[in-house]
Amino acid sequence: MIVVQNVGPSSPARIRRQWVKRILWGVLFGLMVLIYGSHAPLISLTKVDGQVPFNPSSCVVMIELSKLLISLATLVLTGGTSALHAPPPLIRVAPYAVPAILYAINNNLVVLMQAYMDPSSYQVLSNLKIASTALLYSLCLGKRLRPCQWFALGLLMCAGLCHSYSSLDLEDPERAAADEGPRLYITAWGLFLVLVYCCVSGLAAVYTERVLKSQKLPLSLQNIYLYVFGVAINGLSSFSFVAGEKSFLEGYSGVVWAIIAGQAANGLLMSVVLKHGSGITRLFVISCSMLVNALLSWTMLGLQLTPSFLLPVSMIGLAAYLYYR
(Lines give C-alpha, C1' and ligand atoms only; values in the text may rest on other atoms or scores of the structure.)
Protein backbone atom coordinates (compact mmCIF):
# COMPACT_ATOMS: atom_id res chain seq x y z
CA MET A 1 0.00 0.00 0.00
CA ILE A 2 1.38 3.38 -1.04
CA VAL A 3 0.68 6.28 1.31
CA VAL A 4 0.57 9.68 -0.36
CA GLN A 5 1.22 12.55 2.01
CA ASN A 6 -1.02 15.56 1.99
CA VAL A 7 0.35 17.95 -0.64
CA GLY A 8 -2.50 20.39 -0.53
CA PRO A 9 -2.17 24.07 0.31
CA SER A 10 -0.71 25.05 3.63
CA SER A 11 -3.07 25.63 6.51
CA PRO A 12 -4.12 29.21 7.31
CA ALA A 13 -2.28 29.01 10.64
CA ARG A 14 0.96 28.03 8.94
CA ILE A 15 0.62 30.79 6.35
CA ARG A 16 -0.09 33.28 9.13
CA ARG A 17 3.03 32.20 11.02
CA GLN A 18 5.12 32.58 7.89
CA TRP A 19 3.82 36.11 7.31
CA VAL A 20 4.40 37.06 10.95
CA LYS A 21 7.96 35.76 10.68
CA ARG A 22 8.55 37.73 7.48
CA ILE A 23 7.15 40.90 9.03
CA LEU A 24 9.33 40.52 12.13
CA TRP A 25 12.44 39.99 10.01
CA GLY A 26 11.43 42.99 7.88
CA VAL A 27 11.10 45.21 10.96
CA LEU A 28 14.45 43.96 12.28
CA PHE A 29 16.07 44.62 8.91
CA GLY A 30 14.59 48.13 8.71
CA LEU A 31 15.83 49.04 12.19
CA MET A 32 19.32 47.81 11.42
CA VAL A 33 19.46 49.78 8.17
CA LEU A 34 18.31 52.95 9.93
CA ILE A 35 20.78 52.56 12.81
CA TYR A 36 23.70 51.59 10.59
CA GLY A 37 23.08 54.42 8.12
CA SER A 38 22.70 57.09 10.81
CA HIS A 39 25.88 56.25 12.71
CA ALA A 40 28.37 58.34 10.71
CA PRO A 41 26.12 61.44 10.39
CA LEU A 42 25.46 61.40 14.15
CA ILE A 43 29.19 61.28 14.88
CA SER A 44 29.69 64.23 12.53
CA LEU A 45 27.04 66.20 14.43
CA THR A 46 29.08 65.91 17.62
CA LYS A 47 32.23 67.42 16.09
CA VAL A 48 33.57 70.71 17.46
CA ASP A 49 36.11 72.43 15.22
CA GLY A 50 36.38 69.26 13.18
CA GLN A 51 37.11 67.02 16.18
CA VAL A 52 34.89 64.75 18.26
CA PRO A 53 34.60 66.26 21.79
CA PHE A 54 34.34 62.93 23.61
CA ASN A 55 36.66 60.03 24.28
CA PRO A 56 35.90 57.46 21.52
CA SER A 57 37.20 54.60 23.66
CA SER A 58 34.85 55.47 26.52
CA CYS A 59 31.95 55.56 24.06
CA VAL A 60 32.76 52.03 22.92
CA VAL A 61 32.93 50.87 26.56
CA MET A 62 29.49 52.33 27.22
CA ILE A 63 28.11 50.56 24.13
CA GLU A 64 29.54 47.21 25.24
CA LEU A 65 28.32 47.74 28.81
CA SER A 66 24.81 48.58 27.56
CA LYS A 67 24.70 45.37 25.49
CA LEU A 68 25.96 43.35 28.47
CA LEU A 69 23.30 44.75 30.83
CA ILE A 70 20.51 44.23 28.29
CA SER A 71 21.65 40.64 27.67
CA LEU A 72 21.77 39.96 31.41
CA ALA A 73 18.27 41.41 31.86
CA THR A 74 17.00 39.27 28.98
CA LEU A 75 18.51 36.15 30.52
CA VAL A 76 16.84 36.93 33.85
CA LEU A 77 13.44 37.63 32.26
CA THR A 78 13.57 34.38 30.27
CA GLY A 79 14.43 32.32 33.35
CA GLY A 80 17.89 31.32 32.26
CA THR A 81 19.78 32.43 35.37
CA SER A 82 20.49 28.80 36.31
CA ALA A 83 23.27 28.86 33.72
CA LEU A 84 25.08 31.45 35.85
CA HIS A 85 25.12 29.45 39.08
CA ALA A 86 28.31 27.58 38.19
CA PRO A 87 31.36 29.01 36.41
CA PRO A 88 31.30 27.96 32.75
CA PRO A 89 34.19 25.84 31.45
CA LEU A 90 37.01 27.85 29.93
CA ILE A 91 36.79 25.95 26.64
CA ARG A 92 33.22 27.25 26.20
CA VAL A 93 33.94 30.89 27.04
CA ALA A 94 37.39 31.39 25.47
CA PRO A 95 36.19 31.53 21.83
CA TYR A 96 34.16 34.68 22.59
CA ALA A 97 37.32 36.65 23.33
CA VAL A 98 38.37 36.64 19.66
CA PRO A 99 35.34 38.50 18.24
CA ALA A 100 35.47 40.86 21.21
CA ILE A 101 39.02 41.85 20.25
CA LEU A 102 38.10 42.24 16.57
CA TYR A 103 34.99 44.29 17.32
CA ALA A 104 36.99 46.47 19.73
CA ILE A 105 39.42 47.27 16.93
CA ASN A 106 36.63 48.05 14.47
CA ASN A 107 34.56 50.15 16.86
CA ASN A 108 37.52 52.45 17.40
CA LEU A 109 38.31 52.52 13.68
CA VAL A 110 34.78 53.74 12.87
CA VAL A 111 35.24 56.82 15.03
CA LEU A 112 38.85 57.38 13.93
CA MET A 113 37.97 57.27 10.22
CA GLN A 114 35.52 60.18 10.53
CA ALA A 115 38.50 62.57 10.81
CA TYR A 116 39.79 61.51 7.38
CA MET A 117 36.60 61.38 5.28
CA ASP A 118 33.01 62.61 5.11
CA PRO A 119 30.12 60.36 6.25
CA SER A 120 28.91 59.42 2.75
CA SER A 121 32.42 58.53 1.57
CA TYR A 122 32.79 56.31 4.63
CA GLN A 123 29.44 54.68 3.97
CA VAL A 124 30.18 54.00 0.30
CA LEU A 125 33.67 52.62 0.91
CA SER A 126 32.54 50.53 3.86
CA ASN A 127 30.55 48.51 1.31
CA LEU A 128 33.88 46.91 0.42
CA LYS A 129 33.32 44.73 3.48
CA ILE A 130 30.74 42.88 1.37
CA ALA A 131 33.55 41.48 -0.76
CA SER A 132 35.86 40.68 2.16
CA THR A 133 33.06 39.07 4.19
CA ALA A 134 31.76 36.97 1.29
CA LEU A 135 35.27 35.78 0.51
CA LEU A 136 35.83 34.75 4.14
CA TYR A 137 32.40 33.07 4.21
CA SER A 138 33.36 31.03 1.18
CA LEU A 139 36.78 30.09 2.56
CA CYS A 140 35.99 29.60 6.27
CA LEU A 141 32.38 28.40 6.31
CA GLY A 142 32.29 26.57 2.99
CA LYS A 143 29.47 28.70 1.56
CA ARG A 144 29.48 28.51 -2.22
CA LEU A 145 28.57 31.60 -4.23
CA ARG A 146 27.07 31.62 -7.69
CA PRO A 147 29.07 33.18 -10.56
CA CYS A 148 26.70 36.16 -10.69
CA GLN A 149 27.31 36.76 -6.99
CA TRP A 150 31.08 36.84 -7.51
CA PHE A 151 30.51 39.24 -10.39
CA ALA A 152 28.45 41.42 -8.06
CA LEU A 153 31.31 41.49 -5.57
CA GLY A 154 33.72 42.53 -8.31
CA LEU A 155 31.31 45.29 -9.27
CA LEU A 156 31.28 46.47 -5.67
CA MET A 157 35.07 46.59 -5.65
CA CYS A 158 35.06 48.69 -8.83
CA ALA A 159 32.50 51.05 -7.29
CA GLY A 160 34.68 51.55 -4.24
CA LEU A 161 37.80 52.19 -6.31
CA CYS A 162 35.88 54.60 -8.57
CA HIS A 163 34.62 56.61 -5.63
CA SER A 164 38.00 56.57 -3.90
CA TYR A 165 39.81 57.90 -6.97
CA SER A 166 37.26 60.64 -7.66
CA SER A 167 37.15 61.89 -4.06
CA LEU A 168 40.76 61.63 -2.88
CA ASP A 169 41.80 64.84 -1.14
CA LEU A 170 44.43 65.85 -3.75
CA GLU A 171 43.16 69.26 -4.82
CA ASP A 172 44.38 72.70 -3.83
CA PRO A 173 43.41 73.35 -0.17
CA GLU A 174 42.77 77.04 -0.86
CA ARG A 175 40.40 76.18 -3.66
CA ALA A 176 38.63 73.64 -1.48
CA ALA A 177 38.26 76.24 1.27
CA ALA A 178 36.67 78.66 -1.18
CA ASP A 179 33.91 76.20 -2.07
CA GLU A 180 30.61 76.63 -0.30
CA GLY A 181 29.48 73.92 2.06
CA PRO A 182 31.00 70.52 2.90
CA ARG A 183 32.12 68.23 0.08
CA LEU A 184 32.87 64.58 -0.46
CA TYR A 185 36.47 63.87 0.44
CA ILE A 186 38.80 61.13 1.63
CA THR A 187 42.51 61.19 2.42
CA ALA A 188 44.99 58.45 1.58
CA TRP A 189 45.21 57.56 5.30
CA GLY A 190 41.44 57.29 5.42
CA LEU A 191 41.45 54.88 2.48
CA PHE A 192 44.00 52.67 4.25
CA LEU A 193 41.89 52.63 7.44
CA VAL A 194 38.81 51.64 5.43
CA LEU A 195 40.61 48.64 3.93
CA VAL A 196 41.77 47.49 7.37
CA TYR A 197 38.28 48.06 8.75
CA CYS A 198 36.64 45.95 6.01
CA CYS A 199 39.01 43.01 6.47
CA VAL A 200 38.63 42.99 10.25
CA SER A 201 34.86 43.42 9.96
CA GLY A 202 34.52 40.43 7.65
CA LEU A 203 36.65 38.23 9.87
CA ALA A 204 34.70 39.27 12.98
CA ALA A 205 31.33 38.51 11.34
CA VAL A 206 32.38 35.09 10.04
CA TYR A 207 33.98 34.03 13.33
CA THR A 208 31.06 35.29 15.43
CA GLU A 209 28.48 33.42 13.33
CA ARG A 210 30.52 30.24 13.60
CA VAL A 211 30.77 30.53 17.40
CA LEU A 212 27.08 31.41 17.91
CA LYS A 213 25.86 28.53 15.79
CA SER A 214 28.36 25.95 17.02
CA GLN A 215 27.22 26.17 20.66
CA LYS A 216 23.65 25.27 21.58
CA LEU A 217 23.23 27.90 24.28
CA PRO A 218 20.62 30.66 24.78
CA LEU A 219 21.54 33.68 22.70
CA SER A 220 21.36 35.97 25.72
CA LEU A 221 23.93 33.81 27.53
CA GLN A 222 26.22 33.79 24.51
CA ASN A 223 25.90 37.57 24.32
CA ILE A 224 26.92 37.82 27.98
CA TYR A 225 30.09 35.84 27.26
CA LEU A 226 30.82 38.03 24.24
CA TYR A 227 30.17 41.38 25.90
CA VAL A 228 32.00 40.56 29.12
CA PHE A 229 35.13 40.31 27.01
CA GLY A 230 34.04 43.42 25.10
CA VAL A 231 33.72 45.50 28.26
CA ALA A 232 37.01 44.21 29.65
CA ILE A 233 39.05 44.72 26.48
CA ASN A 234 37.60 48.11 25.62
CA GLY A 235 37.76 49.16 29.29
CA LEU A 236 41.49 48.54 29.39
CA SER A 237 41.88 50.51 26.17
CA SER A 238 39.81 53.41 27.50
CA PHE A 239 41.44 53.68 30.93
CA SER A 240 44.87 53.70 29.32
CA PHE A 241 43.91 57.10 27.89
CA VAL A 242 42.36 58.53 31.06
CA ALA A 243 45.46 60.58 31.70
CA GLY A 244 45.10 62.20 28.27
CA GLU A 245 43.25 65.33 27.30
CA LYS A 246 39.70 63.96 27.76
CA SER A 247 38.21 62.27 30.82
CA PHE A 248 35.94 59.23 30.60
CA LEU A 249 32.57 61.02 30.13
CA GLU A 250 33.84 64.39 28.98
CA GLY A 251 32.03 65.87 25.98
CA TYR A 252 28.99 63.59 26.23
CA SER A 253 25.78 65.07 24.85
CA GLY A 254 22.34 63.87 23.87
CA VAL A 255 23.64 62.92 20.43
CA VAL A 256 26.45 60.85 21.94
CA TRP A 257 23.99 58.97 24.14
CA ALA A 258 21.81 58.41 21.05
CA ILE A 259 24.85 56.90 19.30
CA ILE A 260 25.44 54.61 22.28
CA ALA A 261 21.81 53.47 22.37
CA GLY A 262 21.70 52.90 18.62
CA GLN A 263 24.93 50.94 18.43
CA ALA A 264 23.94 48.81 21.43
CA ALA A 265 20.62 47.96 19.77
CA ASN A 266 22.34 47.28 16.46
CA GLY A 267 24.81 44.88 18.08
CA LEU A 268 22.04 42.91 19.77
CA LEU A 269 19.97 42.76 16.58
CA MET A 270 23.01 41.59 14.64
CA SER A 271 23.53 38.72 17.08
CA VAL A 272 19.96 37.59 16.35
CA VAL A 273 20.72 37.61 12.61
CA LEU A 274 23.97 35.66 13.00
CA LYS A 275 22.38 33.12 15.37
CA HIS A 276 19.11 32.44 13.56
CA GLY A 277 19.78 33.73 10.06
CA SER A 278 22.79 34.31 7.87
CA GLY A 279 25.58 36.82 7.61
CA ILE A 280 24.34 37.55 4.08
CA THR A 281 21.57 39.58 5.72
CA ARG A 282 24.26 41.69 7.34
CA LEU A 283 25.75 42.40 3.92
CA PHE A 284 22.36 43.46 2.62
CA VAL A 285 21.99 45.86 5.55
CA ILE A 286 25.32 47.44 4.68
CA SER A 287 24.25 48.06 1.09
CA CYS A 288 20.84 49.52 1.87
CA SER A 289 22.07 51.70 4.73
CA MET A 290 24.04 53.80 2.24
CA LEU A 291 20.78 55.39 1.08
CA VAL A 292 19.87 56.31 4.66
CA ASN A 293 23.34 57.72 5.20
CA ALA A 294 23.20 59.88 2.06
CA LEU A 295 19.76 61.20 2.96
CA LEU A 296 20.75 62.06 6.53
CA SER A 297 24.02 63.64 5.41
CA TRP A 298 22.08 65.86 3.00
CA THR A 299 19.38 66.88 5.48
CA MET A 300 21.46 67.11 8.67
CA LEU A 301 24.90 68.16 7.41
CA GLY A 302 24.10 69.93 4.15
CA LEU A 303 26.46 67.64 2.23
CA GLN A 304 26.59 68.57 -1.47
CA LEU A 305 26.34 65.38 -3.52
CA THR A 306 28.08 65.77 -6.88
CA PRO A 307 26.86 64.00 -10.06
CA SER A 308 29.93 61.72 -9.99
CA PHE A 309 28.68 60.32 -6.67
CA LEU A 310 25.76 58.71 -8.51
CA LEU A 311 28.05 56.38 -10.47
CA PRO A 312 29.39 54.31 -7.55
CA VAL A 313 25.97 54.43 -5.90
CA SER A 314 24.37 52.97 -9.04
CA MET A 315 27.08 50.34 -9.30
CA ILE A 316 26.54 49.31 -5.67
CA GLY A 317 22.78 49.13 -6.21
CA LEU A 318 23.23 46.90 -9.27
CA ALA A 319 25.74 44.74 -7.41
CA ALA A 320 23.33 44.29 -4.50
CA TYR A 321 20.57 43.26 -6.92
CA LEU A 322 22.78 40.70 -8.66
CA TYR A 323 24.04 39.31 -5.37
CA TYR A 324 20.69 38.84 -3.63
CA ARG A 325 18.30 38.04 -6.47
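**Figure 1. Ser71 is buried, at 2% relative accessible area.** Buried means under 20% relative accessible area, exposed over 50% and partly exposed in between, with a 1.4 Å probe and protein chains only. This is a predicted model: local features need pLDDT of at least 70, side-chain atom pairs count only at pLDDT 80 or more, and totals for chains, interfaces and linings use all residues. Residues are numbered from 1 along each chain as its sequence is written, and side-chain values use heavy atoms, with hydrogens and water left out. Ser71 sits in helix H2 (residues 56-77). Helices (H or I, at least four residues) and strands (E, at least two) are DSSP runs, numbered from the N terminus. Setting aside neighbours within four places in sequence, Ser71 contacts Ser220, Asn223, Ile224, Tyr227 and Leu268. Contact means heavy atoms within 4.5 Å.

**Figure 2. Ser220 belongs to helix H10 (residues 219-239).** Ser220 counts as buried, at 10% relative accessibility. Residues up to four places away in sequence aside, Ser220 touches Ser71, Thr74, Leu75 and Thr78. Ser220 and Ile70 are 150 residues apart in sequence. In space, their C-alpha atoms are 8.7 Å apart.

**Figure 3. Ser132 lies in helix H6 (residues 129-140).** Ser132 is buried, with a relative accessible area of 14%. Not counting residues up to four places away in sequence, Ser132 touches Cys198, Cys199 and Gly202.

**Figure 4. Leu153 and Tyr197 touch the most other members of the largest nonpolar core.** This core has 72 residues. Its largest share, eight residues, comes from helix H11 (residues 254-276). A nonpolar core is a set of buried Ala, Val, Leu, Ile, Met, Phe, Trp, Tyr and Cys residues joined through side-chain atoms within 4.5 Å. Beyond neighbours within four places in sequence, Leu153 contacts Ile130, Ala131, Ala134, Leu145 and Tyr323.

**Figure 5. Helix H1 (residues 12-45) crosses H11 at roughly 145°.** Their axes come within 9 Å. Axes are lines fitted to C-alpha atoms, for helices over the stretch in contact; angles run from 0 to 180 degrees between N-to-C directions. The crossing of H1 past H11 is left-handed. That term applies if the near helix is turned anticlockwise from the far one by less than a right angle; clockwise is right-handed. On the H1 side, contact residues include Trp25, Leu28, Leu31, Met32 and Ile35. On the H11 side, they include Val255, Ile259, Gly262, Gln263 and Ala265. By class, this contact has 16 nonpolar, five polar and no charged residues. Ala, Val, Leu, Ile, Met, Phe, Trp, Tyr, Cys and Pro count as nonpolar, Asp, Glu, Lys and Arg as charged, and the others, Gly among them, as polar.

Figure 6. Phe284 counts as partly exposed, at 31% relative accessibility. Phe284 and Val33 are 251 residues apart in sequence and 8.9 Å apart in space, C-alpha to C-alpha.

**Figure 7. The whole chain has 13 helices and zero strands.** Of its 325 residues, 45% count as buried. Among contacts between residues at least 6 apart in sequence, 89% join residues at least 24 apart. The chain exposes about 17,000 Å². Carbon and sulfur atoms supply 69% of that area. Accessible areas come from the Shrake-Rupley method with a 1.4 Å probe; for residues, only the protein chains shown count as cover.
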